[in-house]
Amino acid sequence: MPATHPPDPRQEEAPDLIVRGGIVLTMAEGRAPIREGTVRIRQGRILSVDDRAEADPGVEILDARDAVVLPGLVNTHGHTAMTLFRGYADDLPLDEWLFNRIFPAEARFLDPETVYWGTLLGCLEMIASGTTCVADGYFFQDAGLEAVERAGLRALIAQGVIDFPAPGVPRPEDNLAVGRAFMERWHGFSERITPGLFCHSPSTCSESTMRDASAVSREFGSPLQTHLSETGGEVEEIVKRTGERPVLYLDRIGVLTPDLIAAHAVHVEAEEISLLAERRVRIAHVPESNMKLASGTAPIHKFLKAGIRVGLGTDGCASNNNLDLIQEMDTAAKLSKVFDKDPTHVSAEAALRMATSGGAAVMGLEREIGTLEAGKRADLIVIDLDRPHLQPLYNPVSTIVYSATGADVRHTVVDGEVLMRDRRFTGIDPEEIMARVEAIARTIGQG
Ligand SMILES: [Zn+2]
């Protein structure tokens, strides 16, 4: 065996972007933090991650001194345009909140224009708080997809499917035709954006709707998203209708596959957890939304022990009410501890994994993103450390999960493109977006 040497930089391809000087947490299995690390990037891919500090004259440098460099965070469950309803209806039971406030407001005020600007506001917030990839499910998703494309994020953008009249789909019998047309329009359009379908839930979609949506998703090679067992009431309703608990029911109808991203999975019994693991279903854990709507707590420690792929999500802004995944990590860790009455459950490290490599696995993008390694796409963030609430520094993972917030993110990079540098957006104009959303919100507020 030849001795291994560090790569000779003269033989390496020249980078076009370098992130230098920070503590690099690659999140790759078994790799220790790099104290003063350098990430070299070329044409959107990572060339190298190491501690070589030699000069690369003429190359764009992102300064990461006094900061931590991390893979970009992955939000595995969101309805981005719901930023429009942030603070519109709070502190209500889920059924009343959803059926009496949110659904009627969506029916009245959503159109391609409002979805476009609401999605862009959400993108601004995600870029500013370190999220580089999102799984989004909503309506009027041509507009949602165009907004995400303009913002530069990586995403799975899914058209909503529900057996009720929905925004842009007044006749429920058209829901899958609309979904399929959406997939056909955008399939292969962009390397960063995958079109998909989002079944609202097994209680609002019929057996045939769930089955057909699953088949269409498979045909296009996209994951299918759904809400699953979010509340006890929803579980009861499905048991009444089908005679089975939701996970068993979905398995019987052939929807419980490795391509399913199930958000919530709060009310699941031991037998269901085993089945979720066996069928390799992916879970999006959304603790803050579950807390705000008092839905319950997903048994995350058990999911992780069973080897289930688990990512973190924010859900929509009407039930959170922000898109800050750094705060969501803190909540995820603490909620599992109090739920299980065990402070060792869901450690800071486990929470950070859910938001990075775990999220990438839930998206089916683990070969492309989720860790900082040569050959992967250059989706990364730099988080400041030189702030009073982040000092002193014993363990950067603990500091990020338990002390930082999204406001501490300094730079955000997607596909080698700097979307935020020193907290200034490089591509989209925050003033324009906030002014547009404010005008829309005035109309919504007047009811
Ligand atoms: Zn949701």
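First, the ground rules. Residues are numbered from 1 along each chain as its sequence is written, and side-chain values use heavy atoms, with hydrogens and water left out. Because the model is predicted, local features need pLDDT of at least 70 and side-chain atom pairs count only at pLDDT 80 or more, while totals for chains, interfaces and linings use all residues.

Let's start with the cavities. A cavity here is a set of points on a 1 Å grid, over the protein atoms alone, where a 1.4 Å probe fits but cannot get out. Lining residues have an atom within 4 Å of a point. Grid points are joined across faces, edges and corners, and a volume is the space filled by probe spheres set on the points.

How many cavities of 30 Å³ or more does a search of the whole structure find? Two. Helices are DSSP runs of H or I, at least four residues, numbered from the N terminus. Asp, Glu, Lys and Arg count as charged.

The second largest cavity holds about 30 Å³ of space. Among its lining residues are W97, K292 and S319. This lining divides into five nonpolar, one polar and three charged.

Now helix α2, residues 112-128. At 1.5 Å times one less than its number of residues, its 17 residues should span 24 Å. The end C-alpha atoms are 24 Å apart, which agrees. Just after α2, G130 takes a positive phi of about 90 degrees.

Last, the cysteines. A disulfide is a pair of cysteine sulfur atoms within 2.5 Å. By this rule the count is zero. For C133, the nearest cysteine sulfur is that of C123, 12 Å away. C133 is buried, at 1% relative accessibility. For C205, the nearest is the sulfur of C199, 4.3 Å away. C205 is buried too, with a relative accessible area of 2%.

Notes
On a 1 Å grid over the protein atoms alone, a cavity is a set of points where a 1.4 Å probe fits but cannot get out, and a pocket is an open set with protein on both sides within 12 Å along at least five of seven lines; lining residues have an atom within 4 Å of a point. Helices (H or I, at least four residues) and strands (E, at least two) are DSSP runs, numbered from the N terminus. Buried means under 20% relative accessible area, exposed over 50%, partly exposed in between (1.4 Å probe, protein chains only).
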